[in-house]
Amino acid sequence: MKMVIAIVHDKDSARLSDALVEQDFRATKLATTGGFLKEGNTTFMMGIPQERLDDLMDVIQSNCSSRDQMITPISPMGGHADSYIPYPVEVQVGGATVFVLPIEGFHQF
C-alpha cells in the first residue's frame, strides 16, 4: 500500500476530483494554502495498492497542468513600505506536487 498526497492548484481541483471518481480512486480532499504565493490549493490524500500507483500518477498528470501567471508580490514585512514599489513578476502555477509514502497498515470501516 501507498499513501499518495497530491497538492494541486484550486483551478485543477474539480477536474482532478472528477477524474479520480471516474477511475475509481477514493480520495480525501482538503482545502490548503500555498506558502509562497499565498493562494488556494487543494490537497488530495489517497491510500492505494502499489499496482495502481502508475494509473493514479497518469490521472494526476493529465488533469493538472502548469501555466504562467503574472503576480504582484506583497510588500516585505518590517521593511520600509513607503519605498517598496511592487513590480509584477511571472511565476509558474498549477501542476501538482505529489508525495508517495509507504503504508504500514490500511483499514476501511
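1. The secondary structure of the protein chain amounts to 2 helices and 6 strands, in the order β-α-β-β-α-β-β-β along the sequence. Helices (H or I, at least four residues) and strands (E, at least two) are DSSP runs, numbered from the N terminus. The model is predicted: local features need pLDDT of at least 70, side-chain atom pairs count only at pLDDT 80 or more, and totals for chains, interfaces and linings use all residues. Residues are numbered from 1 along each chain as its sequence is written, and side-chain values use heavy atoms, with hydrogens and water left out.

2. Of the 109 residues in the protein chain, 27% count as buried (under 20% relative accessible area; exposed is over 50%, partly exposed in between; 1.4 Å probe, protein chains only). Among the contacts with a separation of 6 or more, 70% come from residues 24 or more positions apart; contact means heavy atoms within 4.5 Å.

3. Strand E3 (residues 40–48) is joined to strand E1 (residues 2–9) by 8 bridges, and the two run antiparallel. E3 also pairs with strand E2 (residues 28–33) in the antiparallel sense, over 6 bridges. Pairing requires that DSSP finds at least two bridges between two strands.

4. Thr42 lies in E3 and is buried, with a relative accessible area of 5%. Its side chain makes a polar contact with the side chain of Asp10, at 2.8 Å. A polar contact is a pair of N or O atoms within 3.5 Å; within protein, one must be able to donate a hydrogen and the other to accept it, and residues adjacent in sequence count only if both atoms are side-chain atoms. Leaving out residues up to four places away in sequence, Thr42 touches Ala6, Ile7, Val8, Asp10, Ser13, Lys29, Leu30 and Thr32.

5. Helix H1 (residues 10–22) has 13 residues and should span 18 Å at 1.5 Å a residue; its end C-alpha atoms are 19 Å apart, which agrees. The expected span is 1.5 Å times one less than the number of residues. Buried residues in H1 are Asp12, Ser13, Leu16, Ser17, Ala19 and Leu20. Just after H1, Asp24 takes a positive phi of about 65 degrees.

6. The charged end of Arg52 sits over the ring of Phe25, 3.9 Å from the ring centre. The criterion is NZ of Lys or CZ of Arg within 6 Å of the ring centre and within 35 degrees of the ring normal.
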